[in-house]
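Dear colleague,

Please find below the structure that I am handing over to you.

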Amino acid sequence: MAGQGSPLDEPLLAPGKDGGEDAVSMEAQHLLRRDKGASFSRSCLNLSNVISGVGVLSVPYALAQGGWLSLALFALVGAVCYYTGELVARCMRADGDAVRSYPDIGQLAFGRPGRKAIGAVMYAELYLVAISFLILEGDNLDKLLPGTSLGLPGGYLLRGKQLFTLAAAVVILPTTWLGDLSVLAYVSAAGLVASAALTASLVWAGVAERGFHARGGDVVFSLAGLPTSLSLYFVCFSGHGVFPTVYTSMRNKKDFTKVLLASSLLCSLNYALTAVLGYLIYGDDVKSLVTLNLPSGKVYTRVAILTTLVTPLAKYALVIQPITAGIEEKLSLAGQGGLPRAAISTAVLASTVVAACTVPFFGYLMSFIGSSLNVTVAVLFPCLSYLRIYVPRGGVRRAEVAAIVGILAVGVCVAVVGTCTSLHQIAGTF
């Protein structure tokens with residue numbers, strides 16, 4: 001928990017002790033500097049980049065776990081996350097322009113305890129997402145270049161996923177030293193291209209190699225795999241912590257609902273298509289990363305893996321920047337930049353490398369993130385904040401209150417059951 005003087009205690013838009021902004025405000029300023037006054041089309045692109053991520057690699061596995069009927073739950077999860085995204089926008093409008101970030105919403109709704117709670121959850125989520133990026137890099141590079149090894153002094157041999165995880169960290173490291181990360185926000189747009197390339201590669205694989213009638217691909221419903229399936233579906237629609245940044249960057253903020261709807265539909269279509277294709281082609285054999293199912297040496301496999309590698313490389317620095325900035329604030333190093341920033345970001349990167357090499361279970365980790373942190377940020381917190389802000393003002397109808405309470409009940413069940421299931425799966429691999 002944050003202690004006395006933590007950046008989570010300070011008002012987000014007020015100057016700190018040294019005249020600097022706190023961690024999340026600094027991140028928002030970096031992302032908004034070049035996107036200020038974004039048009040409708042640009043906002044759609046930005047929000048699609050937020051929603052579309054590494055979750056696309058796991059949706060075939062999620063479908064295999066839950067069966068074909070779980071697609072209905074996928075649609076329900078998408079609808080719920082769209083609605084809670086709209087609740088985030090309403091909370092943003094509750095106090096004029098004073099609310100600019102997720103922790104700001106927490107403070108408006110619940111005071112400083114709310115700011116500290118949502119800040120802690122956000123930092124934990126970002127840290128685990130950073131770890132999943134490194135696991136993704138190691139898995140895909142090992143698939144692309146199997147059997148690669150490197151001899152080190154002392155007779156130690158570095159090979160496989162650990163080697164590529166370290167190699168990816170070396171490539172990422174310089175980007176974490178940057179103070180202005182707005183350029184990386186543009187590079188992350190390549191994630192949409194990567195998603196399209198992955199879908200095209202699956203179509204190619206189905207037509208040229210395996211066909212679309214894999215063994216075990218006819219499971220209608222699996223209750224045992226439902227918690228994992230639901231958790232991974234929530235990963236697909238995560239990103240609510242960045243919604244306020246996109247909202248405040250828009251030229252016409254009244255269009256946010258339309259932007260959210262267009263982006264959600266676009267990403268949902270891509271997710272669903274990838275899930276169906278992956279499950280039809282590989283059936284029960286589909287892996288937690290569908291790219292691991294693609295045959296080695298094929299052109300479409302190399303294209304899919306190379307494009308998939310772009311998103312983690314581009315987004316890693318953006319993901320850990322709030323963590324780095326928070327540590328700087330805690331150590332009273334904010335605004336100094338240079339060596340202190342480089343040392344802190346290097347230490348954070350090193351810790352995620354160790355974690356990625358220790359717990360290399362991408363599917364289970366993403367399931368844990370989805371069931372615990374994503375559900376909290378994308379479902380529980382928007383609903384609770386909206387009720388806390390608007391019910392005392394008399395601005396919420398009884399039917400909507402009942403619907404929100406129902407969503408909260410389902411969200412709590414998914415969070416508890418999914419978290420227990422994913423932790424049990426992770427423990428079972430040791």
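Helix α9 contributes the most residues, four, to the lining of the largest cavity. Helices here are DSSP runs (H or I, at least four residues), numbered from the N terminus. The model is predicted, so to speak of local features requires pLDDT of at least 70 and side-chain atom pairs count only at pLDDT 80 or more, while totals for chains, interfaces and linings use all residues. Residues are numbered from 1 along each chain as its sequence is written, and side-chain values use heavy atoms, leaving out hydrogens and water.

The lining of this cavity comprises 11 residues, with G53, V56, A194, S195 and T311 nearest the centre. At least two lining residues come from each of α9 (190-210) and α13 (299-330). A cavity is a set of points on a 1 Å grid, over the protein atoms alone, where a 1.4 Å probe fits but cannot get out; lining residues have an atom within 4 Å of a point. The largest cavity has a volume of about 100 Å³, a volume being the space filled by probe spheres set on the points. Four cavities of 30 Å³ or more are present in the structure.

A helix pair also deserves mention. The axes (lines fitted to C-alpha atoms over the stretch in contact, with angles from 0 to 180 degrees between N-to-C directions) of α3 (residues 59-66) and α12 (residues 256-282) come within 7 Å and cross at roughly 65°. In contact (heavy atoms within 4.5 Å) are V59, P60, L63 and A64 of α3 with Y271, T274, A275, V276, G278 and Y279 of α12.

Yours sincerely

Definitions and conventions. On a 1 Å grid over the protein atoms alone, a cavity is a set of points where a 1.4 Å probe fits but cannot get out, and a pocket is an open set with protein on both sides within 12 Å along at least five of seven lines; lining residues have an atom within 4 Å of a point.
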